[in-house]
Amino acid sequence: MGKNQISEKRKKFILELMGDQLYQPMRLRELGSLLRLEKAEKQDLVDVLEELLAEGKISVDAKGRYRKFQGKWSENKKRDHAETRGRKDRDHKKPVSDKNAEVYEGIFIGHPKGFGFVEIEGQDTDIFISPDEVGTALHRDRVKVAVKKTRTDGKRREGRIIEILERGNDEIVGTFERSGEYGFVRSDNPKFNKDIFIPGKYIGKARQGDKVVVVIVDYGENRKNPEGKITEVLGGKNTPGSDILAIVKSFGIPSSFPEKVIRQADRVPNHVLDADREGRMDLTDLLTVTIDGEDAKDLDDAISLTKENGHYFLGVHIADVSNYVQGGSALDREALKRGTSVYLADRVIPMLPEKLSNGICSLNQGVDRLTLSCLMEINEEGQVVNHKIAETVICVNERMSYTVVKNILE
């Protein structure tokens, strides 16, 4: 399992923990104790919490207690944003005249309260940017920042955004709030702390409280809000599935495959060809099972186990996707871009088209499939005394679930 997959599983676990109705906000030390982490594992927890904070999925209060983020929109805030549309502010593009300033390039990380930080590659500490020095910078923008050379009080260095080098967002997912003939969209990511002004002509069919996708058409000047155009309405906030669809759009997860990729997938056979069996070990007579969740569709690993002369013979079989996805092909490039399948609460967005992920590359019960197998010989002390890795053909006898296996063991 890749490092990114492990990180995503850890983040998902922490979010589920904090989303439980019995969870009470905890400090880092309390979370570590609850999870019974060893000292060496606590840094992994810190990294996961930092990622979730950066993604706006959790928040931390002044006492260092973590909780799942729950945003709130107020009428006062709505009026404040309407007023800022016409407000003038000092020019943030004026050249740096402070002789004690150094100029760096980095990524701006926004904060819900209006200030932010600039992360500079190769530097251990980031640069604090006060709300008055942010200018038009938005979360994830690549910026140029002027930084005071020295600090004698031991505090974090401070800077001023002097130029936007590259915008980090041109499309935002959020909640639409109407105000008369115009409206605003509040981003689902609280780090994107400026709500997007939507002129009446760009509202379309969006209604109060809808989850929408907005394309930014004007990033604003000084303290004016960015201006956008609603391009897609995902559904009302209480519409089943709209929140999941909003997550998909927010993270830019592709929900469909290019036509060229679909055409390649359609040419893949739906059964194992005789030519593909040549040179492979035939393990179809070996009792083999898969063990997955009840709702799993793509079954990519299976196991077999026998015992002879006091030794166990364990086989771990992985679906041989490479037989159907040639390197450099459109299928391969699309899979590389996606990196992994994405598992959400009510759906899976696969790395490969369904014909492969749920078909010929899935170890479905009762059909022959191509696999890569690690065949291990294990003594009664649990030591691997011999092993072999081979290209194989298997046939799964039983599609089992974690629940069924747990009941058998108990």
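**Side-chain contacts, one pair at a time**

Let's start with a salt bridge: Asp368 and Arg277 form one, and their closest N and O atoms are 2.9 Å apart. This pair links distant parts of the chain, since Asp368 sits in strand β19 (residues 368–378) and Arg277 in helix α7 (residues 274–277), 91 residues apart. Asp368 is partly exposed, at 23% relative accessible area, and Arg277 is partly exposed too, at 28%. Keep in mind as you look around that this is a predicted model.

How many salt bridges are there? The count comes to 13. Another one joins Lys144 to Glu163, with 3.7 Å between the closest N and O atoms. Here Lys144 belongs to strand β6 (residues 142–148) and Glu163 to strand β7 (residues 158–166), so the pair ties together parts that are 19 residues apart in sequence. Lys144 is partly exposed, with a relative accessible area of 23%, and Glu163 also counts as partly exposed, at 37%.

The side chains of Lys337 and Glu334 meet at 3.4 Å, N to O. Both residues lie in helix α8 (residues 330–338), three residues apart, which is about one turn of the helix. Are these two partners buried or exposed? Lys337 is exposed, with a relative accessible area of 60%, whereas Glu334 is buried, at 7%. Salt bridges can also join up: Glu8, Lys11 and Glu51 are linked in a network of them.

Next, the aromatic rings. The structure holds six aromatic pairs. One of them is Phe117 with Phe128, an edge-to-face pair with 5.7 Å centre to centre and 65° between the planes. Phe117 lies in strand β4 (residues 116–119) and Phe128 in strand β5 (residues 127–129), so this pair ties together parts that are eleven residues apart in sequence.

Phe184 and Phe197 make another edge-to-face pair, 5.6 Å centre to centre with 65° between the planes. Phe184 is in strand β9 (residues 182–187) and Phe197 in strand β10 (residues 196–198), so the parts tied together are 13 residues apart in sequence. Phe184 is buried, at 0% relative accessible area, and Phe197 is buried at 11%.

Finally, a ring can meet a charge: Arg338 lies over the face of Phe257, at 3.8 Å from the ring centre.

Terms used. Residues are numbered from 1 along each chain as its sequence is written. This is a predicted model: local features need pLDDT of at least 70, side-chain atom pairs count only at pLDDT 80 or more; totals for chains, interfaces and linings use all residues. Side-chain values use heavy atoms; hydrogens and water are left out. Rings of Phe, Tyr and Trp (its six-membered ring) pair if their centres lie within 6.5 Å; planes under 30 degrees apart count as stacked, over 60 as edge-to-face and the rest as tilted. Helices (H or I, at least four residues) and strands (E, at least two) are DSSP runs, numbered from the N terminus. Buried means under 20% relative accessible area, exposed over 50%, partly exposed in between (1.4 Å probe, protein chains only). A charge sits over a ring if NZ of Lys or CZ of Arg is within 6 Å of the ring centre and within 35 degrees of the ring normal. A salt bridge is a side-chain nitrogen of Lys or Arg within 4 Å of a carboxyl oxygen of Asp or Glu.
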